[in-house]
Amino acid sequence: MNEENQNAAAEQQAGAQFSIQRIYTKDVSFETPNSPAIFQKEWTPEVKLDLDTRSNKLEEGVFEVVLALTVTASIGEETAFLCEIQQAGIFTIGEVEEVQLAHMLGAFCPNVLFPYAREAVSNLVNRGTFPQLNLAPVNFDALFAQYMQQRAAQDQQATADA
């Protein structure tokens, strides 16, 4: 996307109607399948983060966006803990083009939700008496751009195959 297109998109987004109606935890789970034995081991975990987002239209201009995080900490082959959070929000988004709407639902709204999910993960890990875990920030804009490139490549391939 060139600079003129980015500026036009930013201006359009700035004029768009956007508000947060509610942010809430939709689902939460914390498991320590190998406790108490895991507490006896040296704490050198491998931490894996899986992210997923989904959205659905509730009514005209109102959307639910769900950011799902799964954090798995393992020591060797053993799982120390598994933390799953579905952080959700209800957002009002109006008067935007389809491309902007997709960006808002796929990147902007998850960016709003991530700090809440990050705090929930940190609190759950703390309650499990594990050392503090602070998830690194996530660039949802870059992830969304990567997703759109993959979709475009798939569409091109499908067109070429047809």
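Residues are numbered from 1 along each chain as its sequence is written. Because the model is predicted, local features need pLDDT of at least 70 and side-chain atom pairs count only at pLDDT 80 or more, totals for chains, interfaces and linings use all residues, and side-chain values use heavy atoms, with hydrogens and water left out.

**Exercise 1.** Work out the strand order of the open sheet, and state what packs on the sheet.

Solution. Begin with the strands, which are DSSP runs of E of at least two residues, as helices are runs of H or I of at least four, both numbered from the N terminus; two strands pair if DSSP finds at least two bridges between them. The 4 strands then run in the order β1-β4-β3-β2, with antiparallel pairing. Next, β1 (17-31) and β2 (46-59) are the edge strands, since each pairs on one side only. Further in, β3 (residues 62-75) and β4 (residues 78-94) are joined by 14 bridges, and Val65 has Gly89 in β4 as its bridge partner. Finally, helix α2 (residues 98-127) packs on the sheet and touches β1, β2, β3 and β4, where contact means heavy atoms within 4.5 Å.

**Exercise 2.** Identify the residues that touch the most other members of the largest nonpolar core, and the element that gives the most to this core.

Solution. Such a core is a set of buried (under 20% relative accessible area, 1.4 Å probe, protein chains only) Ala, Val, Leu, Ile, Met, Phe, Trp, Tyr and Cys residues joined through side-chain atoms within 4.5 Å. Among its 32 residues, Phe81 and Val121 touch the most other members. By element, β3, β4, α2 and α3 (140-161) each supply at least two residues, and α2 gives the most, with 12.

Key: Axes fitted to C-alpha atoms, helices over the stretch in contact; angles between N-to-C directions. Buried < 20%, exposed > 50% of the residue type's maximum accessible area, 1.4 Å probe, protein only.
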